[in-house]
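This briefing goes through the fold and a few selected residues of one protein chain. Please keep the sequence and the structure in view while reading.

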Amino acid sequence: MGMDYYNILKVNRNATLEDLKKSYRRLARTWHPDKNPTGGAEAEANDPEKRAIYDRYGEEGLKGMPPPGSQSRTSAAAGSSGPSNFRYNPSDPDDFFAEFMASNKPYSFDQERTRFQPRSQWTAGNTRGEASSASHKESSTSTSQLEKPPAIEKTLLCTLEELYNGTKRKMKITRNVANTDGKVEIETEVLPVEVLPGWKKGTKITFPNKGDRLSGQLPQDLTFVIDLKPHDVYLLEGNNLVATQVIPLVDALAGTAIHLKTLDGRNLPIRVEEVVRPGHEIVLANEGWPIRKEPGKKGNLKIKFDVTFPTRLSSSQRAAIRQIMGG
């Protein structure tokens, strides 16, 4: 029977792997030739030739006897039962310990990781590591590959006054949310929406990830699209406000004064002194729509006139008109 390696390592047969490793490291440092150049008989194992034989065949090898089962152990070492990066080196004390462990316990020494690992897990362990890495990559890839669906669009109906002056709204919205068990629930939220002065119909206000949150896709954005309520007086054309005024023929001929209430609440008097023909237009600068890119500047206010004519005239009226007009 060969030497009792447990005794050499000064551990009992129930020692843990950590105990074996610590004892081996301690003894390896103690009897290293650099640390113990005159260590006596115990250091004799540092003779390169004897060490190679002992490392390969154990105590029986030093006695000229091939160890029982050495062929099978050699074949196993050369086969694929261990880590693919393991190469036995008889001059390396780590390899000696790995050989001892492989022939006495179902464990291997993983040099790359510098830790012990059950032999049965050489493949399974590496597979788990690869699987874990692959799983992480797959998770990252699958997350990055999730498509973001188009934004949910909701109409935000505003008056011309609200868009001219700006306003703040609180909009209650609902969304579909998939919970952990896959069921879809309805979730509500109140979002503050600020409309800035000078915005127009078609302006979009987007709230990222405030739309539906369903499995298999990224959260949707929620977009409010501004729409405009019709106004009784004004029409928006570009950056200009247009107001149409209907006046009778007498005012068109004799002149008149009109009063407009602006979108910011002011009373704007306009004196009309020239003869007004159908389609006549008066332009007031800087009384139009706020220009977002040019703070403080506005477009024009255009006042277009429509002239109404009488449906009938008496004989005396006709005569008076002819007299006045010189006809």
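Strand E8 and strand E9 (residues 240–248) are joined by four bridges and run antiparallel; strands here are DSSP runs of at least two residues and helices are H or I runs of at least four, both numbered from the N terminus, and two strands count as paired if DSSP finds at least two bridges between them. The model is a predicted one, in which local features need pLDDT of at least 70 and side-chain atom pairs count only at pLDDT 80 or more, while totals for chains, interfaces and linings use all residues. Residues are numbered from 1 along each chain as its sequence is written, and side-chain values use heavy atoms, with hydrogens and water left out.

**The chain as a whole**

- The secondary structure of the protein chain consists of nine helices and 13 strands.
- Of its 327 residues, 28% count as buried, a term that stands for under 20% relative accessible area, with exposed meaning over 50% and partly exposed in between (1.4 Å probe, protein chains only).
- The protein chain exposes about 21400 Å², of which carbon and sulfur atoms supply 52%; accessible areas come from the Shrake-Rupley method with a 1.4 Å probe, and for residues only the protein chains shown count as cover.
- Among contacts between residues at least 6 apart in sequence, 53% join residues that are at least 24 apart, where contact means heavy atoms within 4.5 Å.

**The four-stranded sheet**

- Strands E8, E9, E13 and E12 form an open sheet in the order E8-E9-E13-E12, and the pairing is mixed.
- Strand E8 (234–237) and strand E12 (281–284) stand at the edges with a single partner strand each, so one side of each is left without a neighbour in the sheet.
- Neighbouring strands of this sheet are turned by 25° against each other on average, direction ignored; the axes are lines fitted to C-alpha atoms, for helices over the stretch in contact, and angles run from 0 to 180 degrees between N-to-C directions.
- E8 and E9 form a hairpin with two residues between them, and Gly-238 in the turn has a positive phi of about 65°; across this pair, Tyr-234 stands opposite Ala-243 in E9.
- E9 and E13 pair in the parallel sense over eight bridges, with Thr-244 standing opposite Lys-304 in E13.
- E12 is joined to strand E13 (residues 301–308) by four bridges in an antiparallel arrangement, and Leu-284 stands opposite Leu-301 in E13.

**The three-stranded sheet**

- Three strands form an open sheet in the order E3-E7-E6, again with mixed pairing.
- The edge strands are strand E3 (152–158) and strand E6 (204–207), each of which pairs on one side only, and the twist averages 25° from one strand to the next.
- E3 and strand E7 (residues 222–228) run parallel and are joined by seven bridges, with Leu-156 opposite Ile-226 in E7.

**Two loop residues**

- Val-276 lies in the loop between E11 and E12 and is buried, with a relative accessible area of 4%.
- Leaving aside neighbours within four places in sequence, Val-276 is in contact with Ile-247, Ala-252, Phe-305 and Val-307; the C-alpha atoms of Val-276 and Phe-305 are separated by 7.4 Å, although these residues are 29 residues apart along the chain.
- Thr-262 lies in the loop between strand E10 (256–261) and strand E11 (267–272), and at 9% relative accessibility Thr-262 counts as buried.
- The side chain of Thr-262 makes a polar contact with the side chain of Asp-264 (2.4 Å), a polar contact being a pair of N or O atoms within 3.5 Å; within protein, one must be able to donate a hydrogen and the other to accept it, and residues adjacent in sequence count only if both atoms are side-chain atoms.
- When residues up to four places away in sequence are not counted, Thr-262 touches Tyr-234, Leu-268 and Glu-287.

**Helix H2**

- The 14 residues of helix H2 (residues 17–30) should span 20 Å at 1.5 Å a residue, and the end C-alpha atoms are 20 Å apart, which agrees; the expected span of a helix is 1.5 Å times one less than its number of residues.
- Leu-20, Lys-21, Ser-23, Tyr-24 and Leu-27 are buried in H2.
- Ser-23, found in helix H2, counts as buried at 5% relative accessibility, and apart from neighbours within four places in sequence Ser-23 is in contact with Leu-9, Lys-10 and Val-11.
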